[in-house]
Structures are given as structure tokens and as C-alpha cells.
Amino acid sequence: MLQIKVGKGKNVECRLENDNYYVNDKLVRWDLISVGNNNYHILLNNKSYAAEVLSADYVNKLFKLKINNQIVEVKAKDKFDLLLEKMGLSKEVSVGNLLIKAPMPGLILDVLTSEGDEVASGQSVIVLEAMKMENIIKSPITGVVKAVKVKNGDKVEKGQLLVELKN
């Protein structure tokens with residue numbers, strides 16, 4: 001399942017099930033043919049569209065398309081992005097900073113980094129105990145620790161800011 005947002009429009013849910021495509025739970029019949037050089041011909045509900053991929057950022061799932069000479073920006077979220085968002089782990093970037101928030105209420109067992117430390121993407125930064133389980137919170141980016149907002153022994157709530165990183 002994907003959640004797609006085109007421009008400033010509403011989010012739509014898209015899914016593939018038994019070789020059928022659904023958009024907001026409605027069956028959609030379409031055909032896509034590559035005509036070379038990031039250009040495609042789309043047949044959707046008996047209407048023809050010319051599409052060109054102008055840019056594609058696969059890491060952030062951002063795409064700029066030209067469809068029938070109209071430029072649109074598309075943002076996609078897969079099931080993992082939606083799950084992380086639901087758990088409060090979504091990336092919140094502001095002026096090059098990324099905020100790591102608690103995915104659930106718990107107790108900080110160990111802070112594994114300090115202000116000014118360089119961290120790699122996937123590096124452990126916090127150990128959070130929740131429901132008698134240790135949860136390792138990892139950095140989603142490579143960057144520098146701008147601030148650590150908790151210390152060992154702190155009780156935290158879901159969504160509470162733990163660490164702020166700079167790209």
C-alpha cells in the first residue's frame with residue numbers, strides 16, 4: 001500500500017491486489033508504456049496521457065512529473081513510512097535539523113551520544129525501555145548531534161523530543 005499526495009491535494013491510498021490496482025478502494029484500469037528517455041504513455045479510464053519524469057528522489061520518495069504539459073509534484077509514503085509516522089518516528093526536518101522523538105512512553109536507560117558527536121545513519125543513539133523491553137533508537141541520518149534533550153533515568157512520553165541532529 002502506498003499513500004500518494006499530488007501537489008497540495010489530498011492524500012490517496014493506492015494498492016495492488018491480485019494484479020488489480022485500487023485507488024481509495026476503487027478499482028482502476030490503466031496501462032503504462034515506456035516510450036524512452038523517462039517518457040511514458042498512460043492509458044487511464046480510456047483517456048490518454050503523456051508523462052515525463054523530470055526528477056526522482058527515491059530516498060525521500062519525491063517526484064516531479066510533467067503530465068500533458070502540466071508539472072506536478074508527487075510525494076509517496078509506503079507502509080513503513082506510515083508505520084514510523086504512526087509510532088511518532090517520522091522525520092521532522094527544519095532548516096537542516098532532524099528531530100528524533102520517542103516512539104512510545106518509557107524510561108531512558110542509556111544515552112549513547114553527546115552534543116557535538118558525529119553519528120552515522122543507523123547508529124544507536126538512545127536505549128529506551130518500554131513495556132519491559134529495551135528499544136534501540138537509531139539515527140535516521142548521518143549528521144552531528146545538535147542537542148540531547150534527555151538523560152539516563154528520564155521518563156518520556158510518546159512524541160517527546162529526544163535528540164536533535166544537524167545534517
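Figure 1. On a 1 Å grid laid over the protein atoms alone, a pocket is an open set of points with protein on both sides within 12 Å along at least five of seven lines, and its lining residues have an atom within 4 Å of a point. Grid points are joined across faces, edges and corners, and a volume is the space filled by probe spheres set on the points. The structure shown is a predicted model, in which local features need pLDDT of at least 70 and side-chain atom pairs count only at pLDDT 80 or more, while totals for chains, interfaces and linings use all residues. Residues are numbered from 1 along each chain as its sequence is written, and side-chain values use heavy atoms, with hydrogens and water left out. In this model the largest pocket holds about 1,200 Å³ of space. It is lined by 31 residues, of which Ile-4, Trp-30, Ile-42, Leu-65 and Val-74 are the closest to its centre.

**Figure 2. The lining of the largest pocket.** Strands (E) are DSSP runs of at least two residues, numbered from the N terminus. Several strands each supply at least two residues of this lining, including E1 (2-6), E5 (30-36) and E9 (70-78), and the largest share, 6 residues, comes from E7. Sorted by class, the lining has 26 nonpolar, 2 polar and 3 charged residues, where Ala, Val, Leu, Ile, Met, Phe, Trp, Tyr, Cys and Pro count as nonpolar, Asp, Glu, Lys and Arg as charged, and the others, Gly among them, as polar.

Figure 3. Glu-17 lies in strand E2, and because its relative accessibility is 38%, it counts as partly exposed (between buried, under 20% relative accessible area, and exposed, over 50%, with a 1.4 Å probe and protein chains only). The side chain of Glu-17 makes a polar contact with the side chain of Arg-15 at 2.6 Å; such a contact is a pair of N or O atoms within 3.5 Å, and within protein one must be able to donate a hydrogen and the other to accept it.

Figure 4. Two strands pair if DSSP finds at least two bridges between them, and here the order is E15-E14-E12-E17, with antiparallel pairing. The edge strands, E15 (133-138) and E17 (155-156), each pair on one side only. Strand E14 (residues 124-130) is joined to E15 by 6 bridges, with Glu-129 having Glu-134 as its bridge partner. E12 is joined to E14 by 4 bridges, and Val-111 has Ile-126 in E14 as its partner.

Definitions and conventions:
On a 1 Å grid over the protein atoms alone, a cavity is a set of points where a 1.4 Å probe fits but cannot get out, and a pocket is an open set with protein on both sides within 12 Å along at least five of seven lines; lining residues have an atom within 4 Å of a point.
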